[in-house]
Amino acid sequence: MAYRKVCDAQGGPMVGEVLHCSEGSDLDWDPDKEELQEPGLSMDRIQTQHVDRQRSAGSDGDPDPDPELMEPIQPSVSVSPHGRFERLQEDPNYISHFSRTPGHKGQRQIHWSSFRHFLVGLGLFLLGILIGWFTHSPAVKPPDPPSESSDLLEELLRRITADKINALQKSFSSVSDDSEESRARYLYQQWVGLGLSDVRLSNHTVLLSLPGSTPSTITDRSSHQCFLPNGIQCDQRGQNVLPKFSYAAYSAAGSLQGEVVDVQYGGVDDLRRARESLNLNNQIAVVKLGQTPLLYKLALLSQLGFGGALLYIDPCDAPLSRHTRHQAFRVTLNPGGNPDFVEGSGQDRGGLTSLLVQPISAFLAKTLLSSPSLGQGDACTPLAMPPNSERKKITLTVRNQLSYKKIYNVLGYLKGKRNPDRYVLVGSRHDSNQGGGASAIMNQLIAALTEQTKQGWVPDRTTVFCSWGGSALGGIGSYEWGKENNVVLASSAVAYVSLNSPVRGTDTLTATASPTLLQLSTDIQRRQLLSCIRGGSCPGPNVSSLQLPGDGKFFANHLAVPTMEFAFEQTKGGEVGSFLSEVQFTAELPETLDPLFKFHETIAKMTAEAVLRLVNDPVLPFYPLDIALDVQNKLKANTEKTTVSQALLSSASSLREHAAFLQSETMRPANDPKERDPSHIRMLNDVLRDLEKSFIIPQTLPGVYSNLLYSLPGKTPQFSILKLSQEVANLYNITSKVVKPCPAEKEMTGPPTVTRSLSLILRAVQAAERLICFGLDLFENYPNGK
């Protein structure tokens, strides 16, 4: 094929100074240099003209056309972005080579006839033309026009209904044995029955942290009152109290006596004030959840010498519809994977932290802090210990137990045809207290897609359906499977679509996606909002790149696989709104939370559309320009507090220019059926898939993603390592000695300075730019010498 690079009319001013238009060049990868049609022709006209030329070229000495040229074109799900190459003008010699004059053929047919039988000879001539035409026509028939991609999507969405999801949920809830193994085996049978020909069940023996036989307690040493974590006195607990659910998985176990210290959200300023006023060694911090990751806060507390931490949710931070005053909840301190302990770590009490950690209710926090009465709403007063108050002395007893048990993963494969070794992962969970609705949506999705394959549809890429075990304790199942298949996934995983907790409320529809998939997530959410569940006005798209806990963390954070998730949640807007994602409440039944299953249906349809686009689009629906814009926006936000070098700003600007050029001049034409070359489309997709891998850094703070593209909750997205590195430096300035860290806190011994963080960001931006330039070279659209 022959191409000529053209400048985007709209984007010309942005790239014109760096990337100039050049003359057309013959590409190395297509030696045959097939002649292209004139721009603007419709698909039907191209097919007809192609057949006509084959027929007219069917002389005795002409070869048959290449069968690859007649290969059916896989339909794409939606129209790709506008834009294509200008074709070179057709070569007149090329056309005349396939032209024949009727006189030559007629002379061969009527050389034995006399002039007086001209009319008879003319008839024989015409007959000979028809015979020659059909004799030399190719055996391969022109393909039928492919069905419209929108029809494929509409048919898929029609198969997903709330009633079907409700029925699947009832079937899933009917399993008598509530163990994880029984649920996993039930899903295995269901997936086979739904039409997946390749379903696998795997298990892993891992170390689990579970509540002890007796609940953890907090005892006021002055009044000798004993409290359960939810605030009920120990001698008043009844059948409706769930003390076992309120615990911090993988906390250290044992007892500790100390004074209560109010550190609010555990920020550096709060810790500095506490450090200046009293000795913090072996004291017990009362910490609000929110603003920064939990593991980061616990690492800071451990560095300052605290021996324990009581975690609670301030009622002023919680949504009005969620009553958290007496509600028990659970957190996990496992950053991921099998939390087997390192020998010689010095942990004599067991756990991933040296701290005794226990979640408590807001009611109990108010009692321990001697805080004024609770409030909620606009006039809410946050909980805080009054100035000059006497600190309570308490005994904290944590009774967690460690045991080795098996967890189970279920994997099902829907094989692709053209690129079967490229995987789109769809993950959910089957925890007994969290995963019911997710499993029902997953089963409905499998049923809808396999039904489409029975109608003749074959996906381009392979879909891997995953139901994970051990999700609630740190995504153990996904981590273990991911590590086992790390080499294959690093080179073959295209995207991860999460169904970790799809309906955890009914207030807000949100989408969380890596910058690579922000545009796709926004488009899907905008279309779904057109048929809003509620009457009246509907909110606009709510899409962000926040780091979230769940099974997708391993793929987004360690493998840099583009990840996305749609969910309805019950949260509060603002800077501290998303912290509830770290908290696990006792789950409401799906039928209680969403009686009509309309919210489940919406998430299922949005997920189905995302999966269809990812497995079917010739060019992956990834947008490198969104990554470049995200980098520039984060640098702009961090520049207000940090001096960013000119080299980094220049590199970010250059990344944006090259990303825009790749997106407009390579991706768009490649998505055009008339421009596709399978081998180069595959290489281009690999470039798009690997772009996020440039932003993985080798070391980060506890609880913070190694993938720089994900940000912490806040009003303005920022690079997390820049935002927190200054805090860590301030912490070391106020710490007289460095406490020996435990395994989960070892990163704190060498905190990233602001200078080092900027250097890591610069290296990532430059690596991404080099990869984009390689993608440009695939189609020789990148000018020589640049």
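Predicted model: local features only at pLDDT ≥ 70, side-chain atom pairs only at ≥ 80, totals over all residues.
Which residue in β15 is the bridge partner of Leu411? The partner is Cys466.

Strand β15 covers residues 461-468. The two strands pair in the antiparallel sense, over 5 bridges.

Trp468 lies in strand β15. Its ring forms an aromatic pair with Trp481. What describes such a pair? Two values do: the distance of the centres and the angle of the planes. For Trp468 and Trp481 the centres are 5.5 Å apart, and the planes make 50°. Trp481 sits in helix α13, residues 476-484, so the pair ties together parts that are 13 residues apart in sequence. The structure holds 10 aromatic pairs in total.

Next comes an open sheet of 7 strands. The order is β5-β4-β12-β7-β8-β9-β11, and the pairing is mixed. Why is one side of β5 and of β11 left without a neighbour in the sheet? Both strands stand at the edges, β5 at 225-227 and β11 at 356-359, and each has a single partner strand. From one strand to the next, the twist averages 30°. Helix α10, residues 294-303, packs on this sheet. The helix touches β8, β9 (308-312) and β11. Its direction makes about 155° with that of β8.

β7 spans residues 254-262 and is joined to β12, residues 393-398, by 6 bridges. Those two strands run antiparallel. Glu259 stands opposite Lys393 of β12 in this pairing. With β8, residues 284-288, β7 runs parallel, and 3 bridges join the two. There, Asp262 has Val286 of β8 as its bridge partner.

Another open sheet has 3 strands. Its order is β6-β10-β21, again with mixed pairing. The edge strands are β6 (248-249) and β21 (584-585), and each pairs on one side only. β10 takes in residues 329-332. Its link to β21 consists of 2 bridges, and the strands run antiparallel. Phe329 has Phe585 in β21 as its bridge partner.

Now turn to the helix pairs. Helix α7 (residues 162-173) packs with helix α8 (residues 180-193). Their axes are 11 Å apart and meet at an angle of about 135°. On the α7 side, Leu168, Ser171 and Phe172 make the contact. On the α8 side, the residues are Arg183, Tyr186, Leu187 and Gln190. By class, the contact has 4 nonpolar, 2 polar and 1 charged residues.

Helices α20 (residues 646-670) and α21 (residues 678-690) also pack at about 135°. Their axes lie 10 Å apart. That angle makes α20 oblique to α21. α20 passes α21 in a left-handed crossing. Which residues of α20 meet α21? They are Leu662, Thr666, Met667 and Ala670. Across from them stand Ile681, Leu684 and Leu688 of α21. By class, this contact has 6 nonpolar residues, 1 polar residue and no charged residues.

Definitions and conventions. Residues numbered from 1 in each chain as written. Heavy atoms only, no water. Pairing = 2+ DSSP bridges. Helix = DSSP H or I, 4+ residues; strand = E, 2+ residues; numbered from the N terminus. Axes fitted to C-alpha atoms, helices over the stretch in contact; angles between N-to-C directions. Contact = heavy atoms within 4.5 Å. Nonpolar A, V, L, I, M, F, W, Y, C, P; charged D, E, K, R; others polar. Parallel < 35°, antiparallel > 145°, perpendicular 65-115°, else oblique. Left-handed = near helix turned anticlockwise from the far one by under 90°. Phe/Tyr/Trp six-rings, centres within 6.5 Å; stacked < 30°, edge-to-face > 60°.
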